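This report looks at strand pairing and at the nonpolar core of a predicted model. Please keep the structure in view while reading.

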Amino acid sequence: MKKALCFVVVLMILTSFAIMPAMAEDTNLALGKSVTAESDYSGTNPSKEDLIFFSATYLTDGEAPIWDGVSQDVHLCWYSEAQTQETDINLTIDLEDVYALNKVVLTPSSFLDGQSFPTDFDILVSNDGNEWSKIGEVRDRTGVISDNMVFDTDKEARYVRINVTKMSPITDGNVFFAGIAEVEAYGGPVTAPETEPTTETNPGTNDQSFTWLIVATAAFALAFGAFVFLRNRKEAEVF
Ligand SMILES: [Ca+2]
């Protein structure tokens with residue numbers, strides 16, 4: 001019984017530290033964040049008012065729905081049109097804080113089996129929305145696509161931008177179209193400079209680290225309590 005209890009306590013401690021970095025890396029920093037789109041196709045369903053297939057807000061709504069070709073209430077993707085296939089359209093996401101990013105992920109839309117995914121585009125990031133660093137580019141992409149595109153980075157940034165420079169080949173004869181279902185950004189908090197006194201750090205400004213500090217403290221407290229309990233019991237058995 002004692003060995004089993006000790007094993008559970010140790011397992012809890014190890015598990016809390018093991019899942020800490022995994023959860024941090026798996027947080028989509030772009031989820032629900034605002035998007036500024038230089039072009040946004042209205043795409044209102046003609047048969048039902050107030051239902052919209054396309055919107056720039058769907059870039060960060062956390063969904064990339066599979067459309068059955070019939071349903072009228074599916075929030076498919078950001079969609080845009082341009083007079084020529086060569087274009088210059090910026091989609092900018094504000095993460096609302098500077099993060100140490102490790103990757104940006106783009107999800108094609110199921111609409112037209114991803115064929116509306118842009119042909120040429122750059123992925124850029126910025127701290128201030130003025131100076132931009134390119135972390136990836138795609139050229140001459142065409143055809144069906146369903147797999148996500150992943151762009152690795154080690155940049156610190158608050159803003160993520162997609163600069164579409166060539167629309168997809170999808171056209172109605174008058175304009176060219178482009179669509180993307182979702183943009184995700186992953187990373188963690190920026191490491192504080194070594195010169196910054198740690199005693200002045202306010203835990204409330206870093207909710208994730210503070211949460212894990214609480215978890216780790218609770219785990220240690222539990223382990224210590226179990227140790228004291230077992231020691232007392234052992235002493236009671238001796239005397
Ligand atoms: Ca979406």
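## Pairing around strand E7

In this predicted model, strand E3 (residues 86-107) and strand E7 run antiparallel and are joined by nine bridges. Within that pairing, Ile-93 has Val-160 of E7 as its bridge partner.

Strand E8 (residues 176-180) is mostly covered, with five of its five residues buried. Phe-176, Ala-178 and Ile-180 point one way from the strand, while Phe-177 and Gly-179 point the other way, and all are buried.

Strand E2 (residues 78-82) pairs with E8 in the antiparallel sense over five bridges, and Glu-81 has Phe-177 of E8 as its bridge partner.

## The largest nonpolar core

The largest nonpolar core holds 42 residues, of which Cys-77, Trp-78, Val-160 and Val-183 touch the most other members. At least two residues of this core come from each of E2, E3, E4, E7, E8 and strand E9 (182-189), and E3 gives the most, with seven residues.

When residues up to four places away in sequence are not counted, Trp-78 touches Ala-37, Asp-40, Phe-54, Ser-55, Ala-56, Tyr-58, Leu-59, Leu-91, Gly-179 and Ile-180. In soluble globular proteins, nonpolar side chains tend to be buried together.

Methods. Residues numbered from 1 in each chain as written. Predicted model: local features only at pLDDT ≥ 70, side-chain atom pairs only at ≥ 80, totals over all residues. Pairing = 2+ DSSP bridges. Helix = DSSP H or I, 4+ residues; strand = E, 2+ residues; numbered from the N terminus. Buried ≥ 20, exposed ≤ 12 C-beta atoms within 10 Å, placed from the backbone. Core = buried A, V, L, I, M, F, W, Y, C linked by C-beta atoms within 7 Å. Contact = placed C-beta atoms within 7 Å.
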